[in-house]
Amino acid sequence: GACGGIVESMASVGNVTYIGDRSGILYVHDPAFGVQYSFNTTNDASALASDGQHLFVGGTDGTVECYDLATEMLLAIWQAPVGLRALTCVGDDLFSAGDSGVVARTSTQGSGAFTSFGDAAMPVTAMTSDGSALMLGSASGIISRMELSTQSISASFQAGSDVTALGMNLSQLLLANEAGTIRRVDPI
């Protein structure tokens, strides 16, 4: 399938993947039907995350739109402290990050009030979690591990290229870059 614009973000829920393009249009990829238009957001869909019940759509303007996954109805619009390039859910927590390097957190069950969680000390272009830490990627190719328990960076390494997306699969970290290369590395 194909999207109508440049893909900016993705989030998977079961076997369905939501895809956001730079104009704020969301598509859904279902293995049975391919890629299809889903709905328009009011921001530029620079970051996507899901807790299994909601789809969170982050924008470079710092807005986070919360949609019900079953109905695609907009439930709330929250304001993160900075423009967003990355979102990820860990349990009932939604983490956000962007060019400022500030990582913020809010409850997916609350009012959307973000609080500072930590400082990545680099612009963050991608984020995922292995359950015990946030894995943060940058355009300069640095991957940092921010421990959830201490809220601090415990390790960093050079990926060898820019990082546009991160994901976890079978306890391995998947790194994607702008050239379309995907690498699988041991996150430890």
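Mentor: Let us begin with Q151, which is found in the loop between β15 (142-147) and β16. Please bear in mind that this is a predicted model.

Trainee: Why is Q151 called partly exposed?

Mentor: The relative accessibility of Q151 is 33%. Buried requires a value under 20% and exposed a value over 50%, so a residue in between is called partly exposed. Q151 therefore counts as partly exposed.

Trainee: Which other residue is found in the loop between β15 and β16?

Mentor: S149 is found there.

Trainee: How do you know whether S149 is buried or exposed?

Mentor: The relative accessible area of S149 is 68%. The term exposed applies over 50%, so S149 is exposed.

Trainee: Where does A45 lie, and what is its phi?

Mentor: A45 lies in the loop between β4 (34-40) and β5 (47-50). Its phi is near 50 degrees, a positive value in a residue other than glycine.

Trainee: What makes A45 buried or exposed?

Mentor: A45 has a relative accessible area of 0%. Since buried means under 20%, A45 is buried.

Trainee: Which strands form the open sheet, and in what order?

Mentor: The open sheet has four strands in the order β13-β14-β15-β16, with antiparallel pairing.

Trainee: Why are β13 and β16 said to stand at the edges?

Mentor: β13 (126-129) and β16 (153-158) each have a single partner strand, so one side of each is left without a neighbour in the sheet. From one strand to the next, the twist averages 20 degrees.

Trainee: How do you know that β13 and β14 pair?

Mentor: Pairing requires at least two bridges. β13 and strand β14 (residues 133-137) have four bridges, in the antiparallel sense. T128 stands opposite M135 in β14.

Trainee: What is the confidence of the protein chain, and where is it lowest and highest?

Mentor: The mean pLDDT of the protein chain is 90, and 96% of its residues reach 70 or more. Confidence is lowest in strand β19 (residues 182-185), at a mean of 81, and highest in strand β10 (residues 93-97), at 97.

How values were computed: Residues numbered from 1 in each chain as written. Predicted model: local features only at pLDDT ≥ 70, side-chain atom pairs only at ≥ 80, totals over all residues. Heavy atoms only, no water. Helix = DSSP H or I, 4+ residues; strand = E, 2+ residues; numbered from the N terminus. Axes fitted to C-alpha atoms, helices over the stretch in contact; angles between N-to-C directions. Buried < 20%, exposed > 50% of the residue type's maximum accessible area, 1.4 Å probe, protein only. pLDDT = per-residue confidence, 0-100.
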